[in-house]
Amino acid sequence: MMAERRALLLIGSPRGIGHSTSDRLGGRVLDVLKEHGFLTEKLHVHAAMASPQELESALAVIGAADMVILSLPLYVDSFPAPVIAFLEQIAERRIGAGRARLFVIIQCGFPEKEQNATALAIAERFAAEAGWSWLGGVGLGEAEWQHKDVARALAPVAEAIANGTAIPQSVLRKAMPAWLYRFGGNIMWRLAARKHHATRSLRARPYAE
Amino acid sequence: MNAVVLDGARGTECRGALAALQQALAEAGHTTEVIPLRERTIAPCRGCFGCWVTTAGECVIDDAGRQVARAIARCDLLVYLTPVTFGGVSSELKKAVDRMLPDILPFFARVNGETHHHWRYQKSPRLMGLGVLPRPDREAENIFKTLIERNALNLNAPRTAAAVVTPESDLRATAAALAKAVT
Ligand SMILES: Cc1cc2nc3c(=O)[nH]c(=O)nc-3n(C[C@H](O)[C@H](O)[C@H](O)COP(=O)(O)O)c2cc1C
């Protein structure tokens, strides 16, 4: 009998499980891995970094995983701080070295998926320094606006991960031109502020001298 | 100019670089505030966008992250000092950088043919990055320099410069060159 293979979805958004785009997208990939017989589990990085005990149990889960899907939002061209802190621990302690394989999904608020390139390079460097094998990654733009499409488009990527075949290049179509995205986005921020009766203070400068 | 150094060291690895940096900034005529981030309790950004749509330019979390955002809003030169971590910045530095979001406006703008945001205040700071590595590593250095350039675009920084030092580097010369490049 084939040994059980364990796949772990690491969610690197503070919004966590059930509330983040990172979970929705990573969850889709995890579902496919489950269909392929992987034992699957989800772990929220921010929760793991909340206390030393949580960290130790999270690192134990990582140490037992064969496949790690790290799904996270782009934060200032890189990863949210707790994700970096978690990866620092993994690399320093060689957790999963020589065993874990890493696939990364990075999605950002801007429409251009190319903006994820630096963060993808950082993820690949992490894999090299931690002794993990690098399966690759996808960078997605404007994912929050079209996440149903994106989730569907991730299916062939997930199939390739499960089968150990070459990961297809993204088959995503652009949802809308960047100028329209900016235009619509600016209206969206105003509407969001109106809900909080904060439209007038949108441009406030509380720290101006 | 008024410089704010975000010191993202996790231990003593950036000590020499910080001393050289302080001297170079002083010689270039800047007043400098150093914020040792590992001594500050700064909760992670919650990704709620409250600082954009509810509390207008201030984070909903009341901790030292607010003081960092205020210092950045008021400075002319923002300096990242960090051990180069997987080519990027350390978790200590990043916990402050993520909490800088209140200083940025929600509205999208086109910058260099890409979508970015405008800075909330009249003037964006210039951005300097000084990374510290235990040994020369061209790949990590390239990622780091690209990251600083990308961050400068996101902050609309009018000028930017980055360098990586190792124990073999001439710290004083590197810091002086960086200070010159952003002055
Ligand atoms: C602190 C912070 C920094 C961000 N930085 C960027 C950025 O540099 N580029 C970008 O395109 N989006 C940026 N975003 C937007 C998020 O990447 C985007 O909203 C993402 O879809 C959130 O995913 P989640 O629901 O999984 O948290 C940032 C958001 C926050 C809160």
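Student: Where does L191(A) sit?
Tutor: L191(A) belongs to helix α8 of chain A, residues 178-195. Helices are DSSP runs of H or I with at least four residues, strands are E runs of at least two, and both are numbered from the N terminus. This is a predicted model, where local features need pLDDT of at least 70, side-chain atom pairs count only at pLDDT 80 or more, and totals for chains, interfaces and linings use all residues. Residues are numbered from 1 along each chain as its sequence is written, chains are lettered from A and ligands numbered from 1 in the order written, and side-chain values use heavy atoms, leaving out hydrogens and water.

Student: OK, and how exposed is L191(A)?
Tutor: L191(A) has a relative accessible area of 46%, so it counts as partly exposed. Buried is under 20%, exposed is over 50%, and partly exposed is in between, with a 1.4 Å probe and protein chains only.

Student: Switching topic, how many helices and strands does chain A have?
Tutor: Chain A has 8 helices and 5 strands. From the N terminus, they go β-α-β-α-α-β-α-β-α-β-α-α-α.

Student: And what does the C-alpha trace span?
Tutor: About 65 × 40 × 25 Å along the principal axes of chain A.

Student: What share of chain A is buried?
Tutor: Buried residues are 52% of the 209 in chain A.

Student: What about contacts, how many link residues 24 or more positions apart?
Tutor: Among chain A contacts (heavy atoms within 4.5 Å) with a separation of 6 or more, 77% are between residues 24 or more positions apart.
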